[in-house]
Amino acid sequence: MIELKSAGEIDAMREAGRVVAAVHAAVRERAAVGVSLKKLDEVARTVIEEAKAGASFLGYHPSFGATPYPGVICTSVNGVMLHGLPSPYRLRDGDLISIDCGAIVDGWHADGTVSFAVGEPRAEDLKLIRVAEETLAAGIKAAVPGGRMGDIGHAMSTVGRGAGYGMQNDFGGHGIGRAMHESPFVPNEARAGRGMRLRPGLVIAIEPSLMAGGDDDYYMAEDGWSVCSGDDSRSVHVEHTVAITADGPVILTLP
């Protein structure tokens, strides 16, 4: 069942979105050469606790997960596209990292992801991040009342694939609200004019991921969580929680 949110409920989700944005800012500031992924998770936990919020990811156990998720953020480095575990791995100069975070405030969830380089960035990584952000922006722009769900995926794939990057559609976006994952599924690639009609009150997480190698293949790492590009090429993931309103899309995961 797809639940449409009231203006007040969207405002409540905005508070959870602010916590997600605060986590992203704190982790980005702390991320540096030599800092472990586990330490970044501890930074995120502190932000969430000080905000008196909850962590959407901690203990989450979907069918594809080998175990309940052990962290409050996903820390995906280089060839890991999604769901990287906050392990003891220490960041190296030039690493590319995506930080995915979900937070709960008063029972309402928000979910968002940022990607950035650590230390001295590679030019090709900066381009990959830029195109990913443009891909996400295109999807958000298409999230308007009267449009179709397929318009979002079509807009994103036009940008991402147009730049020569690989994409996957098995792990896409989703509805969000009282639960972190709600209906409907939000595809990263789709045909324009197809799918459900977009209506005011629908709140969705839009989250494209791109693989620099240009292929669409991926595999699950031995840890049972990390989703990696099939050729281990550098990958990024970006995401915002977005409310569809009568006035157009509103991003809820901003400071």
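A: Happy to! A disulfide is a pair of cysteine sulfur atoms within 2.5 Å. Keep in mind that this is a predicted model.

Q: With that rule, how many disulfides does the count come to?
A: The count comes to 0 disulfides. Take Cys 101: its sulfur is 9.1 Å from the closest cysteine sulfur, the one in Cys 74, and that is too far for a bond. Cys 228 is in no disulfide either, as the nearest cysteine sulfur, that of Cys 74, is 13 Å away.

Q: Are Cys 101 and Cys 228 buried or exposed?
A: The general idea is a cut-off: buried means under 20% relative accessible area. Cys 101 has 0% relative accessibility, so this residue counts as buried. Cys 228 comes to 6%, so it counts as buried too.

Q: Now for annotated sites. Which residues does UniProt list for "binding site" in the set that includes Asp 111?
A: The unreviewed UniProt entry lists Asp 111, His 174, Glu 207 and Glu 239 as "binding site". They are spread over 129 residues of sequence, yet they cluster in space, with a largest C-alpha distance of 10.9 Å. Asp 111, His 174, Glu 207 and Glu 239 are also part of the lining of the largest pocket.

Q: Where does Glu 207 lie, and what does its side chain make a polar contact with?
A: Glu 207 lies in the loop between strand 8 (203–206) and strand 9 (209–211). Its relative accessibility is 10%, so Glu 207 counts as buried. The side chain of Glu 207 makes a polar contact with the side chain of His 174, at 3.2 Å. Leaving out residues up to four places away in sequence, Glu 207 touches several residues, among them Asp 111, His 174, Asn 188 and Glu 239.

Q: And where is the place of Glu 239?
A: Glu 239 is in the loop between strand 12 (235–237) and strand 13 (240–245). At 1% relative accessibility, Glu 239 is buried. The side chain of Glu 239 makes a polar contact with the side chain of Thr 113, at 2.8 Å. Beyond its neighbours within four places in sequence, its contacts include Asp 100, Asp 111, His 174 and Glu 207.

Q: At which histidines does UniProt place the feature "binding site" along with His 83?
A: The unreviewed UniProt entry places that feature at His 83 and His 181. Both His 83 and His 181 belong to the lining of the largest pocket.

Q: Is His 83 buried or exposed, and what about His 181?
A: His 83 has 15% relative accessibility and counts as buried, whereas His 181 is partly exposed with a relative accessible area of 37%. His 83 lies in the loop between strand 3 (80–82) and strand 4 (96–105). Its contacts, not counting residues up to four places away in sequence, include Phe 64, Tyr 69, Phe 171 and Trp 225. His 181 lies in the loop between strand 6 (173–175) and strand 7 (182–186). With sequence neighbours up to four places away left out, His 181 touches Tyr 60, His 174 and Gly 175. The side chain of His 181 makes a polar contact with the side chain of Tyr 60, at 2.9 Å.

Q: Let us turn to ring pairs. How many aromatic pairs does the count come to?
A: The idea is to look at the distance between ring centres and the angle between ring planes. The count comes to 5 aromatic pairs. One of them joins Tyr 69 and Trp 225: the ring centres are 4.9 Å apart and the planes are at 80°, so the pair is edge-to-face. This pair links distant parts of the chain, 156 residues apart. Tyr 69 and Trp 225 are both buried. Phe 171 and Tyr 218 also form an edge-to-face pair, 5.9 Å centre to centre with 70° between the planes. Phe 171 is in the loop between helix 4 (149–162) and strand 6, and Tyr 218 is in strand 10, so this pair ties together parts 47 residues apart in sequence.

Q: Which residues do the ring pairs link into a cluster?
A: The cluster holds Phe 57, Phe 64, Tyr 69, Phe 171, Tyr 218 and Trp 225. Within it, Phe 171 is buried at 17%, while Tyr 218 is partly exposed at 28% relative accessibility.

Note on methods. Residues are numbered from 1 along each chain as its sequence is written. Side-chain values use heavy atoms; hydrogens and water are left out. UniProt positions are given in the numbering used here, feature names are shortened, and annotations may be inferred rather than shown by experiment. On a 1 Å grid over the protein atoms alone, a cavity is a set of points where a 1.4 Å probe fits but cannot get out, and a pocket is an open set with protein on both sides within 12 Å along at least five of seven lines; lining residues have an atom within 4 Å of a point. Helices (H or I, at least four residues) and strands (E, at least two) are DSSP runs, numbered from the N terminus. Buried means under 20% relative accessible area, exposed over 50%, partly exposed in between (1.4 Å probe, protein chains only). Contact means heavy atoms within 4.5 Å. A polar contact is a pair of N or O atoms within 3.5 Å; within protein, one must be able to donate a hydrogen and the other to accept it, and residues adjacent in sequence count only if both atoms are side-chain atoms. Rings of Phe, Tyr and Trp (its six-membered ring) pair if their centres lie within 6.5 Å; planes under 30 degrees apart count as stacked, over 60 as edge-to-face and the rest as tilted.
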